[in-house]
Amino acid sequence: MKAETNLTNKDFFKKIYDEHFEKLFYFSKKFVMSDDIAKDILSEVFYNCWNHIDKLRKIENIRSYLYTCVRNESNKFLRSQFKKMVIP
C-alpha cells in the first residue's frame with residue numbers, strides 16, 4: 001500500500017497501525033515467546049515509523065517494510081538476552 005496522499009499523517013499512521021498491528025504482534029511473538037515483549041517491540045517499531053512518517057509514506061511495500069522492522073527488532077532483543085546469559 002503506497003501512501004494515500006489524501007490522508008493526513010495521523011490518519012495514514014492509524015490506518016497502517018490498524019491494518020498491521022495484530023499480525024505483526026503474532027509474528028514478533030513467534031520470535032520472543034512473550035506477549036509483553038512482542039508489544040514492546042511493536043511499540044518501538046511504530047514509534048520509529050511515526051518519527052519517520054514522511055519516509056514511511058514513500059515506501060512502496062509497507063507490509064514488507066514493517067515485517068522486516070519487526071523481525072530486526074525481535075532479533076535485536078534476542079541478541080541482547082543472549083549476551084546477558086553468556087557474559088556475566
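Ala38 counts as buried, because its relative accessibility is 0%; buried means under 20% relative accessible area, exposed over 50%, and partly exposed in between, with a 1.4 Å probe and protein chains only. This is a predicted model, in which local features need pLDDT of at least 70, side-chain atom pairs count only at pLDDT 80 or more, and totals for chains, interfaces and linings use all residues. Residues are numbered from 1 along each chain as its sequence is written, and side-chain values use heavy atoms, with hydrogens and water left out.

**Overall layout**

- The chain has four helices and zero strands. Helices (H or I, at least four residues) and strands (E, at least two) are DSSP runs, numbered from the N terminus.
- Read from the N terminus, the order of elements is α-α-α-α.
- The C-alpha trace spans about 50 × 20 × 20 Å along its principal axes.
- Of the 88 residues in the chain, 30% are buried.
- Residues 24 or more positions apart account for 67% of them.

**Surface and charge**

- The chain exposes about 6300 Å², and carbon and sulfur atoms supply 55% of that area. Accessible areas come from the Shrake-Rupley method with a 1.4 Å probe; for residues, only the protein chains shown count as cover.
- The chain carries 17 positive and 12 negative charges, and their mean positions are 5 Å apart. Lys and Arg count as positive, Asp and Glu as negative; His and the chain ends are not counted. Each charge is placed at NZ of Lys, CZ of Arg, CG of Asp or CD of Glu.

**Nonpolar core**

- The largest nonpolar core has 19 residues, and Leu24, Val45, Phe46 and Leu66 touch the most other members. Such a core is a set of buried Ala, Val, Leu, Ile, Met, Phe, Trp, Tyr and Cys residues joined through side-chain atoms within 4.5 Å.
- Two or more core residues come from each of helix H1 (9–32), helix H2 (35–51), helix H3 (53–57) and helix H4 (62–86).
- In soluble globular proteins, nonpolar side chains tend to be buried together.
- Beyond its neighbours within four places in sequence, Leu24 contacts Leu42, Phe46, Leu66, Tyr67 and Val70.

- Ile16 lies in helix H1. With a relative accessible area of 1%, Ile16 is buried.
- Ile16 and Ile62 are 46 residues apart in sequence, yet their C-alpha atoms are 8.3 Å apart.
- His20 is also in helix H1. Its relative accessible area is 14%, so His20 is buried.
- Not counting residues up to four places away in sequence, His20 touches Arg63 and Leu66.

**Ala38 and Phe25**

- Ala38 sits in helix H2. Apart from neighbours within four places in sequence, Ala38 is in contact with Phe25, Ser28, Lys29 and Val32.
- Ala38 and Lys84 are 46 residues apart along the chain, with 19 Å between their C-alpha atoms.
- Phe25 belongs to helix H1. At 8% relative accessibility, Phe25 counts as buried.
- Leaving aside neighbours within four places in sequence, Phe25 contacts Asp35, Ala38, Lys39 and Leu42.
- Phe25 and Asp40 are 15 residues apart in sequence, and their C-alpha atoms are 9.7 Å apart.

**Aromatic pairs**

- A search of the whole structure finds ten aromatic pairs. One of them is the stacked pair of Phe21 and Phe25, at 6.4 Å centre to centre and 10° between the planes.
- Rings of Phe, Tyr and Trp (its six-membered ring) pair if their centres lie within 6.5 Å; planes under 30 degrees apart count as stacked, over 60 as edge-to-face and the rest as tilted.
- Phe21 and Phe25 are separated by about one helical turn, because they are four residues apart in helix H1.
- Phe21 counts as partly exposed, at 24% relative accessibility.
- Ring pairs link Phe13, Tyr17, Phe21, Phe25, Tyr26, Phe46 and Trp50 into a cluster.

**Backbone at Met33**

- Met33 is not a glycine, but has a positive phi of about 60°.
- Most residues other than glycine have a negative phi.
- Met33 lies in the loop between H1 and H2. Met33 is exposed, with 67% relative accessibility.

Key:
Contact = heavy atoms within 4.5 Å.
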